[in-house]
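Subject: Structure handover

Hello,

Here is the structure for your files. My notes on it follow below.

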Amino acid sequence: MTYLSAIILGLVQGIAEFLPISSSGHLSIFQNFFQLTDVEHDHLFFDVLLHLGTLVAVFIAYRRDIAELLREFFYMVHLK
């Protein structure tokens, strides 16, 4: 996979992830339509890394909210 292919797939993942559509489906469509991957090579690992990058971005963007939720959860558990 070339750097250009990785950048294109990263952009597709970034745009499609937060829309109410299947970002995994769009990755597959782009890979097949533009022939970005070889037929004999399975790029499932790269797709998983794209999703992991999205998860990390969400955690960074919502880190304060997540910390507040965790604080409240442990406070609630401690009171019981």
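Leaving aside its neighbours within four places in sequence, which residues is Gln13 in contact with? In this predicted model, they are Ser23, Leu27, Leu50, His51 and Thr54.

Some context on Gln13. The residue is part of helix α1. Its relative accessible area is 2%, so Gln13 counts as buried, the cut-off being under 20%. With one of its contacts, Thr54, there is also a polar contact between the two side chains, at 3.2 Å. Asp47 is 34 residues away from Gln13 along the chain, and the C-alpha atoms of the two are 8.9 Å apart.

Two of the residues that Gln13 touches, Ser23 and Leu27, also come up in helix α2, which spans residues 23-33. There, Ser23, Leu27 and Gln31 are buried. These three lie on the same side of α2, because the arc they cover around the axis is only 80°.

One backbone item to finish: Gln35, which comes after α2, has a positive phi, near 50°.

Regards

Note on methods. Residues are numbered from 1 along each chain as its sequence is written. This is a predicted model: local features need pLDDT of at least 70, side-chain atom pairs count only at pLDDT 80 or more; totals for chains, interfaces and linings use all residues. Side-chain values use heavy atoms; hydrogens and water are left out. Buried means under 20% relative accessible area, exposed over 50%, partly exposed in between (1.4 Å probe, protein chains only). Helices (H or I, at least four residues) and strands (E, at least two) are DSSP runs, numbered from the N terminus. The arc is that of the directions from the helix axis to the C-beta atoms. Contact means heavy atoms within 4.5 Å. A polar contact is a pair of N or O atoms within 3.5 Å; within protein, one must be able to donate a hydrogen and the other to accept it, and residues adjacent in sequence count only if both atoms are side-chain atoms.
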